[in-house]
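Take a look at the structure below. This briefing starts with one whole chain and then turns to one residue.

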Amino acid sequence: MARLVILGGGIAGQTAALHAKKRLGGSHEVLVVTPNSLWNWIPSNIWVGVGVMQPEQVTFPLAPVYKKTGITYFQAKAVSIHPEGDADNPQPFVTVEHTSHEKKGQRETVTYDYLINATGPKLNFDATPGLGPLHNSQSVCTFDHAAHASKALDELVARMQRGEKKTIVIGTGHGTCTCQGAAFEYLFNVEFVLRQRKVRNNATIIWISNEQELGDFGIGGMHIKRGGYITHSRVFTESLYTERGVKWITRAHVKEVGKDTILYEDLDGNEKTVPFDFAMLLPPFAGVGLKAFDKQGADITTTLFAKSGFMLVDGNYEPKPYEKWLPSDWPNTYQNPKYKNIFAVGIAFAPPHAISKPMINPKGTPIFPAPPRTGMPSGVMARQVAFNVTDMMQGKSTVPTRQASLAKMGAACIASAGSNFWNGTAVSMTMYPIVPDFQTYPDTGRQLRYTSGEIGLAGHWIKHLLHFAFLYKAKANPFWRMVPE
Amino acid sequence: MTEQPQPERQPYEQSFYPAVPTRFTKAMRTNLLWQFFRFVILNIKMLRMVRKH
Ligand SMILES: Cc1cc2nc3c(=O)[nH]c(=O)nc-3n(C[C@H](O)[C@H](O)[C@H](O)COP(=O)(O)OP(=O)(O)OC[C@H]3O[C@@H](n4cnc5c(N)ncnc54)[C@H](O)[C@@H]3O)c2cc1C
């Protein structure tokens, strides 16, 4: 009996674990190491952040699901990977540190035959002084951050109800952030809630981000056909911001978040400030800081991980300028080139480079989005990797046969702009491929037939349905495989 | 009824230049019949995207 160990039970890890167990049945073991006892449907955290959902509605306990499906569960965090075993035993293993109440802090080793790293991001609030819920700004990256943000927003609304004028700043908290889509959703949900609570006129709302232009979203934006034109997402995004009375600051690297002032550097190298009463700024992401050691105990972290802390897989990591970037730089199988039994999926794999064009100001500060790895592609790559690994475990193949390159994959994405069954809206986007391919589609980098965007109530209905569908699926309820990634 | 944001469009300001939707366009975004139709279309579009993997 072989053992597949999956590090991280988030969107990618859970998808990989459920598919792998379904295919392997009782013949091989699937073991998940993840520090949380609750699973979180992260996309709905933005609704927790404005108080329209409670943390219990976006989470569920993992243990019963793993028990039901026969997956071994370690409530622990991985600390190091030993792909060659140690001096006494060549069996690869990971060192884990327990996080459950009963075993907190205890360390042990877990051997593996195959390893999937799905540890997602470290929320790197430390990159910017004053950033994050422990300091001066809010976050919606976890459900408890979002609940904290909701409480602060309630207090702000109460003050506005007493006639006070307030400034709200939402966006990215560092020049290298990704996940602009999540901040965009929070921005418009806050704006919507303020209108519902009849205090909108007492609020100045400002967007601040590291995007070159609005509508970049870390994917260089996208072109769609609309009204007889082929139009960049910048046009639609600026339109929405104007319609909803939101001012915007782009090309900004937030340097420091003070008690009531944000200090940022722009692409010209100028330092500027923006005052705030409430700020929700996303942190930049890094790898979770796993270490790696060879059999002699020598540190081989740089063999397994990029400088960012994300795991190296089968991408082309040769540094090259934007003009030389190719779709083929993007990984296909997510297999580590040196240790063929190690894979990384979701946010945990190291992208070969950004998707948006790199911009650096005269002071040398990079101000451009890191590439997003949203839920749908994370799920798709996790499923493909799980299928490849289970084939290899069952002796059906010696190499991974299925591919899931972001340069050959499309994505559907729904960004909420206000949550209400009758008058809520969301932006529904599809794009193909995720990474633009200017060789195949010279004008826009994407196939216009499959690239679209529109805002409306229908998008909100779909986003709400997906909330239930993905929670249903992650709980491995009957027919869970009918819900696509 | 929800409160509407105050129009902030001033000449030569940031918000002076973008296209803004007409009342009709905005109304269609929450028109139940039209949105039900868009709901069906959007689901087809998304399923088409899912099938492409
Ligand atoms: C507020 C917000 C809104 C979003 N909205 C959308 C959306 O609408 N649509 C969309 O497609 N995407 C959205 N995203 C992005 C989406 O959440 C990510 O793409 C997705 O979570 C990535 O999945 P993952 O499994 O790689 O990482 P995660 O889901 O973050 O999972 C990583 C897991 O690894 C665990 N872990 C961490 N360290 C260790 C360790 N040392 N050992 C073991 N386990 C570890 C973590 O606890 C976690 O359970 C949003 C993101 C945010 C923050």
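What radius of gyration does chain A have, and what would a compact globule with 485 residues have? This is a predicted model. Chain A has 22 Å. A compact globule of 485 residues would have a radius near 23 Å, so the chain agrees with that value.

**Chain A: size and fold**
- The C-alpha trace of chain A spans about 70 × 50 × 45 Å along its principal axes.
- Chain A holds nine helices and 24 strands.
- Take the contacts in chain A between residues at least 6 apart in sequence: 68% of them join residues at least 24 apart.

**Chain A: inside and surface**
- Of the 485 residues in chain A, 62% are buried.
- The accessible surface of chain A is about 18,900 Å².
- Carbon and sulfur atoms account for 54% of that surface.

**Chain A: charge**
- Chain A carries 49 positive side chains and 39 negative ones.
- The centres of these two sets lie 5 Å apart.

**Arg29 in chain B**
- Arg29(B) sits in helix α1 of chain B, which covers residues 23-29.
- Is Arg29(B) buried or exposed? Arg29(B) counts as buried because its relative accessible area is 13%, and the cut-off for buried is under 20%.
- Leaving aside neighbours within four places in sequence, Arg29(B) contacts Glu243(A), Thr425(A), Ile455(A), Gly456(A) and Leu457(A) in chain A.
- With those neighbours again left aside, Arg29(B) also contacts Pro21(B) and Gln35(B) in chain B.
- Ile41(B) is twelve residues from Arg29(B) along the chain, and their C-alpha atoms are separated by 14 Å.

Conventions
Residues numbered from 1 in each chain as written. Chains lettered and ligands numbered in written order. Predicted model: local features only at pLDDT ≥ 70, side-chain atom pairs only at ≥ 80, totals over all residues. Heavy atoms only, no water. Helix = DSSP H or I, 4+ residues; strand = E, 2+ residues; numbered from the N terminus. Buried < 20%, exposed > 50% of the residue type's maximum accessible area, 1.4 Å probe, protein only. Contact = heavy atoms within 4.5 Å. Rg over C-alpha atoms; globule rule 2.2 N^0.38 Å. Areas by Shrake-Rupley, 256 points an atom, 1.4 Å probe, with all protein chains shown as cover. Lys, Arg positive; Asp, Glu negative; His and termini not counted. Charge placed at Lys NZ, Arg CZ, Asp CG, Glu CD.
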